Amino acid sequence: MTKFLCAAIALSLILPAAALAAESKIFPFDYRIEEIDNGLKVVSIPLDNPHIIAFYTIVRAGSRNEVEPGKSGFAHFFEHMMFKGTKDVPKEAYDEFLTRLGAGTNGYTTDDYTCYFVVFAGRENLEEVVRIEADRFLNLYYDEEMLKTEAPVIEGEYYASASNPDRRLFELLRDTAFEKHSYKHTTLGYLRDILDMPNQYEYSRLFKQRFYAPDNTILLVAGDFDHARLMALVREHYGAWEPSGYSLQTPVEPPQTKAKRAHYPWPSKTLPRMAMAYRGPAYTTESIDKAALDLLAEIAFSSSSPLYQRLVIEEQKCVSLGASFADRRDPYLLVLSSVLRNDEDLPYVEKAILDELERIKTEPVDEKKLADVKSNLKYSFARVLGTTDGIAGSLAHSINLAADPGTVNALYGLYEKVTPADIQEAARKYFVPAASTTVTLTGGGQ
Amino acid sequence: MTTLMRYAGVGIVCLGLAMFVTGCGGKKTGGPVVELLPIEGNPLVSLRIVLNVGSAHDPAGKEGLAQLTLNLLANGGSRDLTFQEISERFYPMAARLGLRVDKEMSAFSGTVHVDNLEAYYAILRGMLLEPGFREEDFTRIKTNQVNFLERTLVNNMDEQFGKEILNLMLYEDHPYGRNEAGTVESVSNLTLDDVRSFYKEHFLRGNFTIGLAGGYPDGFVEKVTADFAALPEGRTPQLVLPETRMPSGLEFMIAEKQTPATAISMGFPVKLTRADKDFFALWIAGAHFGEHRQSLSLLFQKIREERGQNYGNYAYIEHFIQGRDKFPATNYARQQQYFSIWIRPLANSNRHFVVRQALRELRKLVEEGIPEERFELTRTYLLNYTRLYAQTLDERIGWQIDSRHYGTRDFLDDVQKRLPRISREDVNRAIRKHLNFDNVMIAVITEDAESLRDALIADTPSPISYANPNMPAEILQEDLVIQSYALGVRPETVRIAPATAFFRKAGLPME
């Protein structure tokens, strides 16, 4: 048997068989959290799987941080600039290092955070990865010309999904639903701001100074390494990173008092779409609301829900139907979305969704259904824990929210406690007609 | 005996049971083939049920039938359960039955916790072996398939649209030359009887490979094998494919639509697969030239990094579908392959320049080969990166099945053994043998198609401008060469059709 195969087999053993026992935690791995002197937090999850290491850097800055007018999309743009290298390790050398390593590497930007990851084989490579990643966070170098050359790439990224009506619907939904908060724009940003990015060199320096600092960053490392060795490397290479001390004030979104509507006429033929949003809470495990809403989304809108079965399978009015109650650091939206077959069914589907929301407010959900949803959530989460980068990738989101993998266990602990009455109460509290935003998109052309 | 050995032993026994009994004429065949990857104690089990049948088996005039039939199994009811009942039962297990249909191979897949394996498999078995073929499921899935062709593919996903147009160009009058979803006309005319006939014709035990990986219990392999062995004996003969046609010069197919950005895919057939001795050498060339979504890609460096034209540019020496993360998906094995370049959407104003740039880079690759330092870098990259390919159970059993299909013992193991033995000259020889730069099919989705056609035919210079007023002199110097790089496009090899005309009938639309 080859060495490689041995490694692969061991990897698949990383999910303990007892992971789903009722009394056990949903996140079954031991982890440690340490903070070094400059405020950089390190979450380490040593795993018994030879070879593979996932090294994630989570900067708690996303499009939520783009609070000034004209700066939408900047966190994402800055993510691109983070790949431009340093004076010691220019971009070409950085790329060559990761290429030789054969690493799975990239970055992505969300509303609340930006994540950079390097997934690689070979524990002997950890030191060099720590060194080279630390170097770019401490010593990133680019000039104005490099920024001007990179800026049109964002325009290209915008174009890459220009033909996707879902993106346009989502842009419209956020723009309509929010008045002041930076969640009003998407992570990609408005096209007008993207086109102005070549002129934003000075702002890019300010953005880096404010947010790319150890007191706003978390390292998440999972896989085959020794914790003490990791911490020694982190102290050595990240220790000189100066904290920022900057405190972001996101604009407070005023209460919504009147239902809103908007429509987008898509220029060519496409399936009609509808998204309905309600004001939701920020992520928290301090109260039951967030957990209750997650279960509600599944009970009322998942593929096994009565409404889905009726609209998608039986009546075939919709091609898809779903709910997304995304976790965000500030109060966000509970979004119910559907793709329909025919434009003329939009009012029918809207009424069916509204009726279902009213029903949930008045009728307690079935206990068996509630148990099924809890089971689904547990098994769904267990499946992502099958690989090292699956573990790190799924935790990156939670760590952004709460800076501690324990928040996953806390959330799933809350799921266990949610009762039909909790769901009913959450429905009454959040599905308020005056706090709703409904956007539709229909196609034209041939 | 360790559990691993015990399961390996079971595998050998099953494979023994599944051995083909071949003969001339009316072949009597066994089956199914079983691929096993037992891992004692693993709480998950992955099943991949691969059928050696795909869209290339669609009868003429019934394009889309394989996809419709298999989708009806994966997303329809069984004899005993409606699809609603199946959805309700799968839900607490967080389970589903996935499906991918390709030209000659289709795969059903699912991963479940071992707690749920028995219940999941009982449902899956009913879906595949005792399908319900209900009219309402048929109508739902057929309507979705037509909508995908008519509305989504041509209006909402230009990158994919470009790749599908290239496929039509590569395989005109060839069984591969049909979209897996078929055409609006063909799918609209399909009936439930067509589906039943296709199922009956191809659900033969010799067509199946059953892949099982993870902590499945004793007796499970025998149970699954026995169920699929109960299908009628026989197998669909492997398709005898016609020779693919090489393009004659640069052949353009321009799909015209209102759009702010131009999507481009280009390529030509190549006569090799993973079973070919040149494969690994050409693979190094392909990774150097356009590794999928990696900065290693030369095209990525030249078009995106140096000039900021778009989000990315890649090249492939075989049909490529992205699986988890950016790794290749498995079970898309084909007898015939093609080389392709994928240019992600860019501003319409720069389309002519970038077509020139990509073709010029291709020419340099063919004429100059891979530079020594790039050869060594790319080989090192592939040796390490492929170690990440198979991490999940599903990925691992998928690679195992593909290895068997192409007649290699273990493809990923072969990578480690064979790449170090390949020389730069091997790569350059493979490039010269299999790649070319002057006979290429090019699919373009853009607006104002006539002006592009005129510019292409006239070889009009196509300068571009930059937001950066201080672009490096060497890039501006190279731009001067690119903007006037002669393509020599002949008028008769540039076709234009409205985007809405594609996938309505078989083949490319007539101008």
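**The largest pocket**

Analyst: Helix 3 of chain A supplies six residues to the lining of the largest pocket, the largest share of that lining. The model is predicted: local features need pLDDT of at least 70 and side-chain atom pairs pLDDT 80 or more, while totals for chains, interfaces and linings use all residues. Residues are numbered from 1 along each chain as its sequence is written, chains are lettered from A and ligands numbered from 1 in the order written, and side-chain values use heavy atoms, without hydrogens and water.

User: What makes a space a pocket, and which residues lie nearest the centre of the largest pocket?

Analyst: On a 1 Å grid over the protein atoms alone, a pocket is an open set of points with protein on both sides within 12 Å along at least five of seven lines, whereas a cavity is a set where a 1.4 Å probe fits but cannot get out; lining residues have an atom within 4 Å of a point. The largest pocket is lined by 38 residues, and those nearest its centre are A:K91, A:E92, B:Q301, B:E305 and B:E306. Its volume, about 1,100 Å³, is the space filled by probe spheres set on the points, which are joined across faces, edges and corners.

User: Which elements give two or more residues to the lining of the largest pocket, and how does the lining divide by class?

Analyst: Chain A contributes helix 3 (91-101) and helix 5 (144-160), and chain B contributes helix 11 (298-305), helix 12 (351-368), helix 13 and helix 18 (473-483). Helices (H or I, at least four residues) and strands (E, at least two) are DSSP runs, numbered from the N terminus. The lining of the largest pocket has 19 charged, 10 nonpolar and nine polar residues. Here Asp, Glu, Lys and Arg count as charged, Ala, Val, Leu, Ile, Met, Phe, Trp, Tyr, Cys and Pro as nonpolar, and the others, Gly among them, as polar.

User: How many cavities of 30 Å³ or more does the structure hold, and what lines the second largest cavity?

Analyst: There are five cavities of 30 Å³ or more. The second largest cavity holds about 340 Å³ of space. Its lining has 29 residues, with B:W283, B:Y316, B:E318, B:F320 and B:P328 nearest its centre. Helix 10 (279-290), strand 8, helix 13 (372-385) and helix 14 (393-406) of chain B each give two or more residues to this lining; the largest share, four residues, comes from helix 10 of chain B. By class, the lining of the second largest cavity has 18 nonpolar, six polar and five charged residues.

User: Why are helix 2 of chain A and helix 8 of chain A called roughly perpendicular?

Analyst: Two packed helices are described by the angle between their axes and the distance between the axes. Axes are lines fitted to C-alpha atoms, for helices over the stretch in contact, with angles from 0 to 180 degrees between N-to-C directions. Helix 2 (residues 74-81) and helix 8 (residues 201-211) of chain A pack at about 90°, with their axes 11 Å apart. Angles of 65 to 115 degrees count as roughly perpendicular, under 35 as roughly parallel, over 145 as roughly antiparallel and the rest as oblique; helix 2 of chain A is therefore roughly perpendicular to helix 8 of chain A. A:F74, A:A75 and A:F78 of helix 2 of chain A meet A:Y203, A:S204, A:F207 and A:K208 of helix 8 of chain A in this contact (heavy atoms within 4.5 Å). The contact residues divide into five nonpolar, one polar and one charged.

User: At what angle do helix 10 of chain A and helix 16 of chain A cross?

Analyst: Helix 10 (residues 289-301) and helix 16 (residues 420-430) of chain A cross at roughly 95°, and their axes come within 9 Å. These two helices of chain A are therefore also roughly perpendicular to each other. Among the residues in contact are A:L293 and A:L296 of helix 10 of chain A and A:I423 and A:Y430 of helix 16 of chain A. By class, this contact has nine nonpolar, no polar and three charged residues.

**Sheets of chain B**

User: What makes strand 1 and strand 3 of chain B edge strands?

Analyst: The open sheet of five strands in chain B has the order 1-5-2-4-3, with mixed pairing. Strand 1 and strand 3 (98-101) of chain B each have a single partner strand, so one side of each is left without a neighbour in the sheet. The twist from one strand to the next averages 15°.

User: How do you know that strand 2 of chain B and strand 4 of chain B pair?

Analyst: Two strands pair if DSSP finds at least two bridges between them. Strand 2 (residues 44-51) and strand 4 (residues 106-113) of chain B are joined by eight bridges in the antiparallel sense. B:I49, for one, has B:F108 of strand 4 of chain B as its bridge partner.
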